[in-house]
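This briefing concerns the strands of a protein and how they pair. Please examine the model shown below before reading the notes that follow.

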Amino acid sequence: MAAKKPAKKEAPKRSALYNVDKEGKATPTHRTCPKCGAGVFLAEHKDRFACGKCGYTEFKN
């Protein structure tokens, strides 16, 4: 019998990517990709920010 494949990681929910203030205005919690535009967020790693769609990377200082 074949071994089970590990479950895929779930993407963060859209509600976790925005903060909503008392007035109802939503502000993004993550940086957006300058190449892809609004709606595509950069993943935060230990030493860099990376876009999963186009591969754009910014290194932290």
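In this predicted model, four strands form an open sheet in the order S3-S4-S5-S6, and their pairing is antiparallel. The edge strands are strand S3 (32-33) and S6, each of which pairs on one side only. Strands (E, at least two residues) are DSSP runs, numbered from the N terminus, and two strands pair if DSSP finds at least two bridges between them. Strands of a sheet pair through backbone hydrogen bonds, either parallel or antiparallel.

**S3 and S4**
- Strand S4 covers residues 37-44 and pairs with S3 in the antiparallel sense over two bridges.
- Thr-32 stands opposite Phe-41 in S4.
- Three residues lie between S3 and S4, which form a hairpin.

**S4 and S5**
- Strand S5 (residues 48-51) pairs with S4 over three bridges, in the antiparallel sense.
- Across this pairing, Glu-44 stands opposite Phe-49 in S5.
- S4 and S5 also form a hairpin, with three residues between them.

**Confidence of the model**
- The protein has a mean pLDDT (the predictor's confidence in each residue, from 0 to 100) of 90, and 100% of its residues reach 70 or more.

**Basis of the description**
- Residues are numbered from 1 along each chain as its sequence is written, and side-chain values use heavy atoms, with hydrogens and water left out.
- Because this is a predicted model, local features need pLDDT of at least 70, and side-chain atom pairs count only at pLDDT 80 or more, whereas totals for chains, interfaces and linings use all residues.
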